[in-house]
Amino acid sequence: MEKFNFDGLLQFIKEQETVAATKYGYNFNILSEQCGTIVENSHTNILMRILQYKNRYGYVLLEDFISLAGFDICIADREVMFRTEYQGEVNSQGRIDGLIWQKDNFAIIVENKINHAGNQKGQIARYVETVVNDSIAEKDRIFVVFLTRDGLEMPDKDSQEYLQECGICKSIGDEEVSGPRYFACSYREHIYNWLRDAVQPMILQKDVVMNAGIIQYVDYLDGMLGHQAVGNAMLQASEKWFDDNVKMPKDVAEQNALLYNIYRELSLSVPAGS
């Protein structure tokens, strides 16, 4: 196996960091630095806090999200309740990621699968029963938001059939689940664009911390979804460098050995904490 040019790779990485800092500016995201990968519960907490935002015009972000989902909900001029990890008080049927409701009006169940958590059998069906058992909303006023990263996942078969029986969904199957009270929502297609194009312009200037939080979260999603120009540019440059400088062996075992050696040498070359 040919000796790999680690010095050349390290030099290339330093050059790319200089190019990125010059062309795109210095990037600092407190979420990326502190959390690395944000767990699903934290993504739900962030969304729920955003939806709770209220100014003199009311729950403007919740109203806009309801419009995005296409739900037939009119928020009355009274308090809306927001809970995360709701377990229920009467015959609990599981822990609901997010629950939004207004007494005698509506309830929205939020199930978050952004990090590809597996489905449990009858999971969403149990959540609907929890809401009914706790007298939060009648079954015909319960809505479901099924959140995924890319829109590729959907509830389990048992839940789909139950949601269809309740009228929450009209169409179910392997390809698509849809209906008047069901929103197949993805971070890539819906949440990212909604935060950037709708939410940011609606935040009042005086709410400085809220504005800063939205900017940081949008930037975090930018990186997670592969939207960031700097990340894409560096990825393309890296692919070209490897094509030009690395002769991959044909044997799979030798390929794996080479890649492991590259990873190990890079790990040893990068100072701790960088």
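Colleague: In this predicted model, is the crossing in which helix 7 passes helix 8 left-handed or right-handed?

Modeller: The crossing of helix 7 past helix 8 is left-handed, and the contact there involves residues including Tyr187, Ile191 and Leu195 of helix 7 and Ile214, Val218 and Leu221 of helix 8. By class, that contact of helix 7 with helix 8 comprises 10 nonpolar, 2 polar and 2 charged residues.

Colleague: Why are helix 7 and helix 8 called roughly antiparallel?

Modeller: Helix 7 (residues 187-202) and helix 8 (residues 208-224) pack at about 150°, their axes being 10 Å apart; angles over 145 degrees count as roughly antiparallel, and the two helices are therefore given that description.

Colleague: What makes the pair of phenylalanine 65 and phenylalanine 183 edge-to-face?

Modeller: Their ring centres are 6.1 Å apart and their planes stand at 65°, whereas pairing requires centres within 6.5 Å and edge-to-face requires planes over 60 degrees apart, so the pair is edge-to-face. Phenylalanine 65 belongs to helix 4 and phenylalanine 183 to strand 5, 118 residues apart.

Colleague: Why do phenylalanine 65 and phenylalanine 183 count as buried?

Modeller: Buried means under 20% relative accessible area; phenylalanine 65 has 3%, so it is buried, and phenylalanine 183, at 7%, therefore counts as buried too.

Definitions and conventions
Residues numbered from 1 in each chain as written. Predicted model: local features only at pLDDT ≥ 70, side-chain atom pairs only at ≥ 80, totals over all residues. Heavy atoms only, no water. Axes fitted to C-alpha atoms, helices over the stretch in contact; angles between N-to-C directions. Helix = DSSP H or I, 4+ residues; strand = E, 2+ residues; numbered from the N terminus. Parallel < 35°, antiparallel > 145°, perpendicular 65-115°, else oblique. Left-handed = near helix turned anticlockwise from the far one by under 90°. Contact = heavy atoms within 4.5 Å. Nonpolar A, V, L, I, M, F, W, Y, C, P; charged D, E, K, R; others polar. Phe/Tyr/Trp six-rings, centres within 6.5 Å; stacked < 30°, edge-to-face > 60°. Buried < 20%, exposed > 50% of the residue type's maximum accessible area, 1.4 Å probe, protein only.
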